[in-house]
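Please look over the sequence and the three-dimensional structure shown below before reading on. The report that follows is meant to be read with both in view.

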Amino acid sequence: LHANVQFLYQGLKEMGFQVLPTESAVIPLMVGDARQALALSAKLAERGVLVPAIRPPTVPEGTSRLRITVMATHTPEDLQWALDAFRQAGERLGFF
């Protein structure tokens with residue numbers, strides 16, 4: 001599980017996403033704006049990657065994020081596929 005979390009975390013960070021440090025199977029990807037968080041979540045869902053957007057009132061205004069949950073059963077191919085989906089969605093929405 002730890003190796004899977006590290007692989008996905010590093011891939012997202014190298015892409016330019018702002019990911020917060022984690023010691024669990026949950027990777028918080030900071031977005032800031034609630035609408036952008038929802039848009040990124042929706043684009044990922046279109047590609048088969050289900051990542052919920054967490055936004056106010058659950059978190060303070062301006063700190064919306066995606067909550068990425070990694071499992072030990074994810075294969076390297078699954079994780080690469082997810083990274084590809086994040087790259088495509090991020091490019092499409094102008095994250096980088």
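## About the model

This is a predicted model, in which local features need pLDDT of at least 70 and side-chain atom pairs count only at pLDDT 80 or more, while totals for chains, interfaces and linings use all residues. Residues are numbered from 1 along each chain as its sequence is written, and side-chain values use heavy atoms, with hydrogens and water left out.

## The sheet

Helices (H or I, at least four residues) and strands (E, at least two) are DSSP runs, numbered from the N terminus. Four strands make up an open sheet in the order β1-β2-β4-β3, with antiparallel pairing; two strands are said to pair if DSSP finds at least two bridges between them. The edges of this sheet are β1 and β3 (53-54), each of which pairs on one side only.

Between β3 and β4 the pairing is antiparallel and runs over two bridges. Ile-54 has Arg-65 in β4 as its bridge partner.

## Helix α3 and its two sides

The buried residues of α3 are Leu-79, Ala-82, Leu-83, Ala-85, Phe-86, Ala-89 and Gly-90. They lie on the same side of α3, because they cover an arc of only 160° around the axis, where the arc is that of the directions from the helix axis to the C-beta atoms. Here buried means under 20% relative accessible area, exposed means over 50%, and partly exposed means in between (1.4 Å probe, protein chains only).

Where do the buried residues of α3 pack? They pack against α1, β2 (26-32), α2 and β4, whereas the face turned away from the buried side carries the exposed residues Pro-76, Glu-77 and Arg-92. After α3 comes Gly-94, whose phi is positive, near 80°.

Ser-64 belongs to strand β4, which covers residues 64-69, and with a relative accessible area of 0% Ser-64 is buried. If its neighbours within four places in sequence are left aside, Ser-64 is in contact (heavy atoms within 4.5 Å) with residues that include Met-30, Val-31, Gly-32, Asp-33 and Ala-34, as well as Ile-54, Arg-55 and Pro-56.

## Aromatic rings

Rings of Phe, Tyr and Trp (its six-membered ring) pair if their centres lie within 6.5 Å, and planes under 30 degrees apart count as stacked, over 60 as edge-to-face and the rest as tilted. By this rule there are three aromatic pairs. One of them joins Phe-17 and Phe-95 in a tilted arrangement, at 5.9 Å centre to centre and with 45° between the planes. This pair links distant parts of the chain, since Phe-17 sits in the loop between α1 (2-15) and β1 (18-19) and Phe-95 in the segment after α3 (76-93), 78 residues apart. Phe-17 counts as buried at 6% relative accessibility, while Phe-95, at 26%, is partly exposed.

Phe-17 also pairs with Phe-96, and because the ring centres are 5.0 Å apart and the planes stand at 85°, this pair is edge-to-face. Phe-96 is partly exposed, with a relative accessible area of 38%. Phe-17, Phe-86, Phe-95 and Phe-96 form one aromatic cluster.

## Salt bridges

A salt bridge is a side-chain nitrogen of Lys or Arg within 4 Å of a carboxyl oxygen of Asp or Glu, and by this rule the count is three. In one of them the side chains of Asp-33 and Arg-35 meet at 3.6 Å, N to O; Asp-33 is partly exposed at 28% relative accessibility, and Arg-35 is exposed at 67%.

Lys-43 forms a salt bridge with Glu-46, with the closest N and O atoms 3.7 Å apart. Lys-43 and Glu-46 are separated by about one helical turn, because they are three residues apart in helix α2 (residues 34-46). Lys-43 counts as buried at 17% relative accessibility, whereas Glu-46 counts as exposed at 56%. Arg-87 and Asp-84 form a salt bridge with the closest N and O atoms 4.0 Å apart, and these residues of α3 are likewise three residues apart, so about one helical turn separates them.
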